[in-house]
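Trainee: I would like to go through the terms used for this model and see what stands behind each one.
Mentor: Go ahead, one term at a time.

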Amino acid sequence: MTTATTVRRILLRTAWFVLAWIIVSEADLGSLVMGVPFAVLAAVLSTALIRSDMPRISVRGTLRYIGFFVVQSVLGGIDVAARALRPSLPLDPGCIWYPIRITGRPARVLFADTISLLPGTLSARMDGDRLEVHMLDMCARSIEGLIALEDRVGAVFGQTLAPRTIEDLA
């Protein structure tokens with residue numbers, strides 16, 4: 001990394017950290033006396049400590065992932081609550097081995113961790129290119145949700161995945 005690149009990264013990160021400080025401090029401009037030095041320190045340390053071979057993150061993909069995660073969290077919570085409140089307790093729990101398309105450890109960890117955060121699913125273990133997923137309902141909709149989630153996680157890391165349908169997993 002050249003000196004100019006390093007300086008540009010530090011300045012850009014400082015701007016982001018100052019913006020974050022302003023948001024966290026509820027726009028109390030008097031707090032910038034403390035916030036700006038810490039923003040500069042955080043920018044310098046993050047530039048020095050983050051490896052240059054880290055995968056690139058797509059801002060657009062990240063925003064789409066966040067929206068998807070919020071919507072699926074709410075829908076999943078409603079679905080699990082509705083199932084728990086019904087006397088018939090409509091569940092079909094089970095595990096599947098899901099073949100992972102995304103590459104790179106950070107992307108796979110984000111995928112597995114997101115599965116565990118969404119209501120009704122849990123990533124149990126990863127074995128090579130497969131991920132064991134426990135689901136409260138083994139319906140097609142749940143598996144299609146895994147495929148959609150993997151597409152969103154891939155987009156965060158700039159990966160365009162080959163299209164997949166539920167029939168591809170049979």
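Trainee: Which are the buried residues of H3?
Mentor: They are Gly61, Tyr65, Phe68, Gly76 and Arg83. Buried means under 20% relative accessible area, exposed over 50%, and partly exposed in between (1.4 Å probe, protein chains only). This is a predicted model, in which local features need pLDDT of at least 70 and side-chain atom pairs count only at pLDDT 80 or more, while totals for chains, interfaces and linings use all residues. Residues are numbered from 1 along each chain as its sequence is written, and side-chain values use heavy atoms, with hydrogens and water left out.

Trainee: What do the buried residues of H3 pack against?
Mentor: Against helix H4 (105-117) and helix H5 (140-156). Contact means heavy atoms within 4.5 Å. Helices (H or I, at least four residues) and strands (E, at least two) are DSSP runs, numbered from the N terminus.

Trainee: What span should the 27 residues of helix H3 have?
Mentor: The expected span is 1.5 Å times one less than the number of residues. For residues 59-85 that gives 39 Å, and the end C-alpha atoms are 39 Å apart, so the two agree.

Trainee: Why is Cys95 called partly exposed?
Mentor: Because its relative accessibility is 43%, Cys95 counts as partly exposed.

Trainee: What makes E1 and E2 edge strands?
Mentor: Two strands pair if DSSP finds at least two bridges between them. The open sheet of 3 strands has the order E1-E3-E2, with antiparallel pairing. Strand E1 (94-99) and strand E2 (121-127) each pair on one side only. E2 and strand E3 (residues 130-135) pair over 6 bridges.

Trainee: Why is Glu132 called buried?
Mentor: Glu132 lies in strand E3. Its relative accessibility is 13%, so Glu132 counts as buried.

Trainee: What makes a polar contact with the side chain of Glu132?
Mentor: The side chain of Arg125, at 2.7 Å. A polar contact is a pair of N or O atoms within 3.5 Å; within protein, one must be able to donate a hydrogen and the other to accept it, and residues adjacent in sequence count only if both atoms are side-chain atoms. Arg125 also stands opposite Glu132 in the strand pairing.
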